[in-house]
Structure formats: structure tokens, C-alpha cells
Amino acid sequence: MDSQQRTAASPRSPPRQGHDSTAILFTLLSFFAIVALVLLPSASPFFQNSLSILHQVPEGHVGVYWRGGALLKTITEPGFHLKMPFLTQYEPVQVTLQTDMVTDIPCGTKGGVMISFGKIEVVNRLRKEFVFETLLNYGVHYDKTWIYDKIHHEINQFCSSHSLQQVYIDVFDQIDEKMKDALQVDCTRYAPGIEILSVRVTKPTIPESIRRNFEQMEEERTKVLIAIEKQKVAEKEAETMKKMAISEAEKNANVSKILMEQKLLEKDSARRQEEIENAMYLAREKSLADADFYRKLKQTG
């Protein structure tokens, strides 16, 4: 009876739900922090992203986030940011220029010869305003679909419609632009956030026997070009000698003409002088004859 009275007499404690929730939350956060400190140093990058609360987005990137496998519309700029551990995963996505290197690309030419492109470099950029749309449709590894796999497809298409001679020599200098245009056309249509700036294609590897034939052909072509150039030089020298001879002959002819004209002028001058002297002699003789005639006429008269 006494115990029942004491029990009834003791005041009942009020509920402390708010305090209990805060304590539980603090305990959970402490547990997460301890787990993160223990597991983060040895965890994989993906697990680190899941566990970490504070994370850094490097310069030239933006931060994208997933919660429960669903891509969030949240896009963060470079710097430090907070996220919920375990529930939210984070990944930095580059939005500056990057070079994707596609290696070992086998293809068959129109004639059936198997060749291989050792390396093709694609300079590209993902525009910041299209990050969410691009990752939503194609994932973080969007470049595998639209660059790596696409390069393999376009190279095989190109090789199958050209001969080895064309691929290796005749139109090799056009492959860069053709690949760039082909990539950009499909990216613009299906993934407009991807911008293809340039493509650099290395010389393909061809069978050794065919390569030696090409080298011999190139040597013969070089010899022919050298012979043609020598012939052009010889023709140029002959033309120069001819022009020099013509110039010398014209010069000599001009000198002879000048000398001839000079002699003619001298002869004409001597003739004129002689005519003047003859005229003066005749005038003097006539004057003497007239004087003698008048003198005799006067004497007879």
C-alpha cells in the first residue's frame, strides 16, 4: 500500500521528444564522422564521394550530384561545398577544353586491306549550360558514346569507302576535317552541349610489304621530281644564256648602228663642207671673172 501511495504521489516526468531527437541526430552525425575518419583514407574514390560531407570542385569543373541514383539539378561552381553523406554522390565534370585520345582503331579499306590508326586526338568541350541535360541522357562517360565509339564508327565508314592509296596518301590530309565535321554533326543533333574543336589523326599502320612498296614508289616519285627539277633548271639556264646572247647581240647591233650613223654624219658633214667650199670658190672665181670683164670692157671703151 505504501509503495502504491509513493508511486501515485511521485510527479510524472513530461515527455522530452525534442531533446531526444537532437540527441539521436547528434549521435548519428558523430557516428558518420567517426566512420568517415576511419574508412575514407583507404576507401575507393566512389565510396569516398559517398562518405564525404565536405568536398572540393576543382577549377575548370562543375560539381554534379546523385541521390538514390537520380541525377539532381544542382550544379555547383569550383570551390568547397557540403553534401549529405551516404545519400548523395558527387562527381566533378570538366567544362574546359579537354583532349580525348582514341587508340588502336582497326579498319578495312575498300580493297580489303586491314590497317590500324594508332592514335586519334579529339579536342572537345562540354558547355556548362548543357551539363545536366548531357549527363541525364548519356551519363558521366558521355564522351565514350559521342567521341570514342563515334570515332571508331566514322573511321571504319571512311576506310570502307576509300582505297588504301587514298587513305594512306591521296586524301589523308582531309581526314582531320572529315572526322571533325562528322562528330560535330551528330553531337549538334543529339548532344548539343558537346563542342568538337579539332581532330588530329596520326598516319595509319599498314602491312609491312605494302609499306615497302609505298616507300619504293615514293623514292621513284622523288627521283622523277628531281629529274624534272633538274630539267627545269637546265631549261632555265639555257633560256638565260639565250637571253644573254640576244642581249649581247642587240647591244653590239646598237653599237654598230650608232657607229654607222656617226660615220654617215661625218661623211655628210664633210660633203656639206666641200659643197660650201666649192660654192665659195665658184663665187670667188665668178667675182674675179666679172671684175676682169668689166675692166676689159672699160679699157676698150
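Select K203 and Y168. K203 lies over the face of Y168, 4.8 Å from the ring centre. (A charge counts as over a ring if NZ of Lys or CZ of Arg is within 6 Å of the ring centre and within 35 degrees of the ring normal.)

A note on what you are viewing: this is a predicted model, where local features need pLDDT of at least 70 and side-chain atom pairs count only at pLDDT 80 or more, while totals for chains, interfaces and linings use all residues. Residues are numbered from 1 along each chain as its sequence is written, and side-chain values use heavy atoms, with hydrogens and water left out.

Next, the aromatic pairs. The structure holds four of them. Rings of Phe, Tyr and Trp (its six-membered ring) pair if their centres lie within 6.5 Å; planes under 30 degrees apart count as stacked, over 60 as edge-to-face and the rest as tilted. Select Y138 and W146. Their ring centres are 5.4 Å apart and their planes stand at 85°, so this pair is edge-to-face. Is W146 buried or exposed? W146 is buried, with a relative accessible area of 12%. Y138 is partly exposed, at 26%.

Move to strands β6 (residues 98-108) and β7 (residues 114-126). They pair in the antiparallel sense over ten bridges. (Strands pair if DSSP finds at least two bridges between them; helices, H or I of at least four residues, and strands, E of at least two, are DSSP runs numbered from the N terminus.) Pick D100: V122 in β7 stands opposite. β6 and β7 form a hairpin with five residues between them. In the turn, G112 has a positive phi of about 95°.

Last stop: the largest nonpolar core, with 39 residues. (Such a core is a set of buried Ala, Val, Leu, Ile, Met, Phe, Trp, Tyr and Cys residues joined through side-chain atoms within 4.5 Å.) Select F117, I120, L135 and I155, which touch the most other members. Then show α5 (142-160), which gives the largest share of this core, seven residues. Finish on F117. Leaving out residues up to four places away in sequence, F117 touches I105, I155, V167 and V201, among others. (Contact means heavy atoms within 4.5 Å.)

Conventions
Buried < 20%, exposed > 50% of the residue type's maximum accessible area, 1.4 Å probe, protein only.
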